[in-house]
Amino acid sequence: MHLPLLAILCAVALPIAHASDTPVLQPHLDTNTLHVGPDPSNPMAPYLLTSGATSKDSKPLESLSEIRDRLHEAHIVSDILPQSFSPEFALSLRYAGHLVEMGQLLPTNHTEAEPTIEFDAPSGQVFAATIIDPDAPAPSRHGYRSYRHFLAANLDAVPGSTSDVLTTYQAPHPPPDTGAHRYAVIVFRQSGRIEFNREDVPHSRVRFDSLEWAKAHGMKPVAATYFMVENFDSSF
């Protein structure tokens, strides 16, 4: 499943998009691997849900036990996810088509454009996905934990269905001299499709408790990865 994000990963409280601004995901299913990416033919609807094989440069995915162990080592489990978390499938992230390895450190200029989230979506299920920064405003003083950079729901592989972008993408931009921040990408399984209202998503991006939000809407975390961003520039 590809979930490209727009510009959502920083540390400023922004309102969620108005309903009229919410892009619509149009699914096209050939395989169970879903790709959410920009639709170049329609700049007003940047989220296009398509499907197909994962790109050829993809590296072999780690085993689920390895993924779980690395999430524990990075304290994604405990700081964000519960100790009982066990991933049900792997997911990956791409910026500008480049595969981002779990835990990889990126400069801010590599994360300006919305990324793509990919995972093999089990048929007949509905998902939500978020990107959050648990280290805002700084790893040593994370009073904004967690800062919400992206949130989408009602992601499925049903032809003709629509998905909801609840918080548009905001690019990561950790404050200078705060070191590298962790950015967690979490996928939740929904119990079914949900009709969301504006009040269902906090107005502020700051102090977003993704687990509490998911629990309130009958969701369970089923997959996760993370990457790191530091305030410096570089080239791919």
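Trainee: Which residues does isoleucine 186 touch, leaving out those up to four places away in sequence?

Mentor: This is a predicted model, and in it isoleucine 186 touches Ile80, Leu81, Ala128, Ala129, Thr130, Ile132, Ser210, Pro221, Ala223 and Ala224.

Trainee: And what's the bridge partner of isoleucine 186 in S11?

Mentor: That's alanine 224, which also turns up among the contacts of isoleucine 186.

Trainee: How do S10 and S11 run, parallel or antiparallel, and how many bridges join them?

Mentor: Antiparallel, with nine bridges between S10 (residues 181–190) and S11 (residues 220–230).

Trainee: OK, zooming out. What's the strand order in the open sheet?

Mentor: S5-S11-S10-S7-S8-S9, six strands with mixed pairing. At the edges are S5 (105–107) and S9 (164–167), each pairing on one side only.

Trainee: How much are neighbouring strands turned against each other?

Mentor: By 25° on average, ignoring direction.

Trainee: Switching to packing: which residues touch the most other members in the largest nonpolar core?

Mentor: Leu71, Ile76, Leu81, Ile186, Trp213 and Met219, out of 27 residues in that core.

Trainee: Which one gives the most?

Mentor: S10, with three residues.

Trainee: What else is there, apart from that core?

Mentor: Another core, of 25 residues, including Ile117, Leu155, Ala171 and Val187.

Technical notes:
Residues numbered from 1 in each chain as written. Predicted model: local features only at pLDDT ≥ 70, side-chain atom pairs only at ≥ 80, totals over all residues. Heavy atoms only, no water. Pairing = 2+ DSSP bridges. Helix = DSSP H or I, 4+ residues; strand = E, 2+ residues; numbered from the N terminus. Axes fitted to C-alpha atoms, helices over the stretch in contact; angles between N-to-C directions. Core = buried A, V, L, I, M, F, W, Y, C linked by side-chain atoms within 4.5 Å. Buried < 20%, exposed > 50% of the residue type's maximum accessible area, 1.4 Å probe, protein only. Contact = heavy atoms within 4.5 Å.
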